[in-house]
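Me: Hey, I've just opened this one and I'm new to it. Can you walk me through it?

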Amino acid sequence: MINVLSLAALPILAGEFEPPTFDHEFKPAPLLFAGTPFELNRILAIRLIAALVLMLVMVLYAKRAKLVPSKGQAALEGLMDFAKVNVGDSILGEEGRKYQPLLLTIFLGIFFMNITGVIPGLQIAGTSLVGMPLIYALVAYVAFIAAGLKARGPKYFLEQVAPHGLPKPLYLIIVPIELVSTFIIRPITLTVRLLANMIAGHFVLALCFVGTHYLFFTMGGIGYAIAPLTLLGGIIYVVFEMFIAALQAYIFAILTAVYISLSVSEH
């Protein structure tokens, strides 16, 4: 992919190619209700579409589920079973049953928001601005704290920051570290990991396809020879980005399960 990106960047040397910028890609003009608290832009519209499609899929699944599943039902049940077995059961065991609805909602919600980045006509992930990753991180944050309080009671907070059995002088070091890492760093890392991957993926795709358009339709000459390479790179990266969309949803869900497991277990 490095070679493809280098080729796509060649027109920049001519001073004519305008690569995609953050403002252009992630600060779109409003579509409706400009200047009001209800302003709707392209990314917000994509988030609404992803949420509505997920809701519609789940409603249709609930109404039309059959003993002998159709291909669509089998695909959805495969995703649900993957989340159950590889997230809930593998991390939480029997405890996973209580948290399965939450973990499945996080997994499918993030996946549907991520996958919009490779859907023609949408072409940007709903999680590529900080708001949506932050909301999911806050949901996970509240979930693991609530799980800890329910399982361990008020002593949960003390157990998290002050593990048993350490020499007393070490608590002066351990308590601040555990306090920051557990209750501050966790939601930040959940947010940044998801956000950064979606932004990076979108920029690579945009560079490949914008570069292909420039090479083929504007540069001409040697551009006709280079354009198929950048186009091929873009197509390959679309497939890779589909994998990343699922992988990031899985990582987010499994980290949520890990944090819940750490909260409910005795330290």
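Me: What share of the 267 residues in the protein chain is buried?
Reply: Buried residues make up 40% of the 267 residues. Keep in mind that this is a predicted model.

Me: And how much accessible surface does the chain have?
Reply: About 14700 Å², and carbon and sulfur atoms account for 73% of that.

Me: What is it built from, in helices and strands?
Reply: The protein chain has 9 helices and 2 strands. Starting at the N terminus, the order is α-α-β-β-α-α-α-α-α-α-α.

Me: What size of box do the C-alpha atoms fill?
Reply: Roughly 70 × 55 × 40 Å, taken along the principal axes. As for contacts with a separation of 6 or more, 68% of them are between residues 24 or more positions apart.

Me: OK, confidence next. What's the mean pLDDT?
Reply: The mean for the protein chain is 87, with 94% of residues at 70 or more.

Me: Which elements have the lowest and the highest mean pLDDT?
Reply: Helix H1, residues 2–8, has the lowest at 39, while helix H6, residues 131–152, has the highest at 95.

Me: Where does pLDDT stay under 50?
Reply: Over residues 1–15. The model does have 26 contacts beyond four places in sequence for that stretch.

Me: Let's switch to H3. How far does it reach from its first C-alpha to its last?
Reply: Helix H3 covers residues 42–64, which is 23 residues, and reaches 32 Å. That is close to the 33 Å expected at 1.5 Å a residue.

Me: Which residues of H3 are buried?
Reply: Ile43, Ala45, Ile46, Arg47, Ala50 and Leu54.

Me: And what covers them?
Reply: The cover includes helix H2 (22–26), strand E1 (30–32), strand E2 (40–41), helix H5 (96–115) and H6.

Me: Now Gln73. Is that one buried or exposed?
Reply: Gln73 has a relative accessible area of 8%, so it counts as buried, the limit being under 20%. Gln73 sits in helix H4, residues 71–92.

Me: What is Gln73 in contact with, leaving aside its neighbours within four places in sequence?
Reply: Tyr61, Arg64, Ala65 and Lys66.

Me: Where is Val180 found?
Reply: Val180 is in helix H8, residues 171–219. With a relative accessible area of 37%, Val180 is partly exposed. A patch residue needs over 30%, so Val180 clears that cut-off.

Me: What about phi at Gln123?
Reply: Gln123 also has a positive phi of about 60°, and it is not a glycine either. Gln123 lies in the loop between H5 and H6. At 45% relative accessibility, Gln123 is partly exposed.

How values were computed: Residues are numbered from 1 along each chain as its sequence is written. This is a predicted model: local features need pLDDT of at least 70, side-chain atom pairs count only at pLDDT 80 or more; totals for chains, interfaces and linings use all residues. Side-chain values use heavy atoms; hydrogens and water are left out. Helices (H or I, at least four residues) and strands (E, at least two) are DSSP runs, numbered from the N terminus. Buried means under 20% relative accessible area, exposed over 50%, partly exposed in between (1.4 Å probe, protein chains only). Contact means heavy atoms within 4.5 Å. pLDDT is the predictor's confidence in each residue, from 0 to 100. The expected span of a helix is 1.5 Å times one less than its number of residues. Accessible areas come from the Shrake-Rupley method with a 1.4 Å probe; for residues, only the protein chains shown count as cover.
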